[in-house]
Amino acid sequence: MDGVCAAVVAGEDPSEALAELGASRAESGVGLAGTLHDLAALHAVSGAASDGLVSADPDAVPAPLIRTTALGWADAVSGMVVRREVEDPLTGLNTVDYLRTRLHEVYRQARARGSTADEDYALITVVLGASGPGYPPMVAMVLIADVLRTVFDAGETTALLRAATAAVLAPRTPDLRRRCLQARRMIEHRLAGDPALRDCGQVRFQRERLPADHEQVCELLATL
């Protein structure tokens, strides 16, 4: 709101500030109606001189101002929806649905190259020995997720398949084995450093063979 006021007072184009206002209201959980009401109140206050009594009337706000603010609000809401759909809120890893979509792209790419998905990419599963509800396994998976994102940070896809199973979809590069060993050592070190997590069992890294087509790999993901 301060940015909009500053732009109005300075006689500048308030479009950018209005878009930011809409986005900030959306991120704060304010609905579109409430956001436009705030805009109407601002418009009323900044309008012609009055006797001190102003009425926030959304219908009196010029359409360009409403459009810019509403677009900023909608863009922020869309971004939040997308983030919720593709990321697990606890670990920050991508969801299995996102991994299926990414694999669809990988299979299409392989067909275009005249190769197979398994020749171009490796699917690595990371399985925590202990599973089920409770504090230790949950915290252990958060630590595992952080390591995977740290080590596989060059465009690889990291995803959560289920509560105690994560996965990495990575190109078959010469240093892939080294990076897997690095991730394993980092995970073991972090789990060993917390007495509450020492009973979570061993962490198993396993490379899964990518089957012939996308339908089959989706079936594979359901079994991992």
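**A sheet and the helix packed on it**

Leu 123 stands opposite Leu 169 in β3. This is a predicted model, in which local features need pLDDT of at least 70 and side-chain atom pairs count only at pLDDT 80 or more, while totals for chains, interfaces and linings use all residues. Residues are numbered from 1 along each chain as its sequence is written, and side-chain values use heavy atoms, with hydrogens and water left out.

I start with the strands. Strand β1 (residues 121-128) and strand β3 (residues 165-171) pair in the antiparallel sense over seven bridges. Two strands pair if DSSP finds at least two bridges between them. Strands are DSSP runs of E, at least two residues, and helices are runs of H or I, at least four, numbered from the N terminus.

Four strands form an open sheet, ordered β2-β3-β1-β4, with antiparallel pairing. Its edge strands, β2 (157-162) and β4 (203-208), each pair on one side only.

What packs on the sheet? Helix α5 does, touching β1, β2 and β3, and its direction makes about 130° with that of β2. Angles run from 0 to 180 degrees between N-to-C directions, and axes are lines fitted to C-alpha atoms, for helices over the stretch in contact.

α5 (residues 96-113) and α9 (residues 214-221) pack at about 150°, their axes 10 Å apart. That makes α5 roughly antiparallel to α9 (the term applies to angles over 145 degrees). The contact (heavy atoms within 4.5 Å) involves residues including Leu 103 and Tyr 107 of α5 and Val 217 and Leu 221 of α9.

Terms used. Angles under 35 degrees count as roughly parallel, over 145 as roughly antiparallel, 65 to 115 as roughly perpendicular and the rest as oblique.
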